[in-house]
Amino acid sequence: MCVALRVQGLRKTFRVKSGRLVQVVEAIREMDFEVREGEVFTLLGPSGCGKTTTLRCIAGLEDPDEGEVEIGGVTVFSKTRSISVSPEKRGIGMVFQNYSVWPHMSVFENVAYPLRAKGVPKDELVRRVRWALSLVKLDGLEDRPATRLSGGQQQRVALARAIVSEPKVLLLDEPLSNLDAKVREELRDELRHLLRSMNIATVYVTHDQLEAFVMSDRIGLMSEGELLEVGDPVQTYFRPRTKFGAEFLGSANVLEGELLPDGTVDTRIGKIVVESRDPTLDHGKVYVVFRSESVDLDLTGTCSGTTNAFAGTVREKKFLGDRWELSVEVSGVILRVSLPSRVNVATGSRVCVRIDPALCSLVRK
Ligand SMILES: Nc1ncnc2c1ncn2[C@@H]1O[C@H](COP(=O)(O)OP(=O)(O)OP(=O)(O)O)[C@@H](O)[C@H]1O
Ligand SMILES: [Mg+2]
């Protein structure tokens, strides 16, 4: 598969004046990534980490301080070579975070806009607008004023407008975040099918981890203007490579420890065996990471003879509908443990906590 988008050494700072002071905001410290044709690559990270700025730099709506952007093998931005192709010539389609449709136009005109700007002949324009509207399941609503649509339908219009020019790269900035939970889930699944069928490269931005897991081939975790780690959803979830990844995703236990020459990790709850680890980690201070659902509880409390088995007491429990989330105290440390909601265990119970060595990972401290 060909690389459709390459971002190299991207940096962007903003200067914000307040009174006589100028504050420098480092929105992107360093970003390097590639997205292949047909791939959905998600930038996932907390508010303010630089996701929108990254998309705007790719689209040509922001001028980066440094770096290069290549789309379909063509350099569209290079600081050192003084290249900056205008946004409409970059071969991208974008759905913006905050506004979606132009209220003074019909559905048809909203979607036709990028084609009109390019001077596409009328017959072809009509054909392509109908094609895009049918892909997002809005056939028949061409003449409706764009404001007379539900939130979900407005996002479909924005999406149709982004794909109508058949871009090489699609940039989607939190396209579902303004919708209510049910519509969001529906549109998320449809969007997933649509992106899979279109074979274009997509950069998908969200701060919602579930959305990132469902949509993505690969996830890039972002914090403070940097990509900290990139991996497929399952690997990113179960084997985070950074402490940030471990703490940002799901409900994890992160225990400080000392990696010993025999490969076990000495922690406050005892020695933990970890099945596989990055070979460059051979000793020293580390974090052992395991998910709350990677822990089994033996409710009889028997704890002898097995690997990674520790006696504990249930201190607190929360009902989350599909599961219980328990706080279990082991040697003064509180571990997070999830249990299916059909299992019931009383607060104060003595239990044995078993941590699967195959589901533990190590992160350098
Ligand atoms: N035009 C601007 N002028 C000054 N600072 C800006 C500007 N745009 C963004 N920033 C700052 O750059 C940083 C990154 O902002 P950005 O909008 O890229 O974050 P984000 O990850 O998209 O956040 P969110 O999830 O809230 O949309 C923030 O600190 C933000 O305040
Ligand atoms: Mg944003």
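**Labels and their grounds**

Mentor: Let us begin with an open sheet of 5 strands, whose order is E14-E13-E12-E15-E21 with antiparallel pairing; strands are DSSP runs of E with at least two residues, helices are runs of H or I with at least four, and both are numbered from the N terminus. The model is a predicted one, in which local features need pLDDT of at least 70 and side-chain atom pairs count only at pLDDT 80 or more, while totals for chains, interfaces and linings use all residues. Residues are numbered from 1 along each chain as its sequence is written, and chains are lettered from A and ligands numbered from 1 in the order in which they are written.

Trainee: Why are strand E14 and strand E21 said to stand at the edges?

Mentor: Strand E14 (270-273) and strand E21 (361-364) each have a single partner strand, so one side of each is left without a neighbour in the sheet. Neighbouring strands here are turned by 45 degrees against each other on average, direction ignored, where the axes are lines fitted to C-alpha atoms (for helices, over the stretch in contact) and angles run from 0 to 180 degrees between N-to-C directions.

Trainee: What makes Glu258 partly exposed?

Mentor: A residue is buried if 20 or more other C-beta atoms, placed from the backbone, lie within 10 Å of its own, exposed if 12 or fewer do, and partly exposed in between. Glu258, which belongs to strand E12 (residues 252-259), has 14 C-beta neighbours inside 10 Å and therefore counts as partly exposed. Leaving aside neighbours within four places in sequence, Glu258 is in contact (C-beta atoms, placed from the backbone, within 7 Å) with Val265, Asp266 and Lys285.

Trainee: Which residues does the word "core" cover, and which of them have the most contacts inside the largest one?

Mentor: A nonpolar core is a set of buried Ala, Val, Leu, Ile, Met, Phe, Trp, Tyr and Cys residues joined through C-beta atoms within 7 Å. The largest has 64 residues, and Leu5, Ile58, Val111, Ala160, Val169, Leu171 and Val203 have the most contacts inside it; its largest share, 6 residues, comes from helix H4 (residues 151-163). A second, separate core of 29 residues includes Ile269, Val289, Val314 and Val328.

Trainee: What holds for the sheet with strand E16 and strand E19 at its edges?

Mentor: This is an open sheet of 5 strands in the order E16-E20-E17-E18-E19, with antiparallel pairing, and strand E16 (295-298) and strand E19 (333-340) each pair on one side only. Strand E18 (residues 323-330) is joined to E19 by 8 bridges, with Val328 opposite Leu335.

Trainee: Which residues come nearest to ligand 1?

Mentor: Of the 13 residues around ligand 1, Phe14, Ala27, Ser47, Thr52 and Thr53 come nearest, a residue being near a molecule or strand if its C-beta atom, placed from the backbone, lies within 6 Å of it. Strand E1 (3-18), strand E2 (21-36) and helix H1 (51-59) each give two or more residues to this shell, and H1 gives the most, with 3 residues.

How values were computed. Pairing = 2+ DSSP bridges. Contact = placed C-beta atoms within 7 Å.
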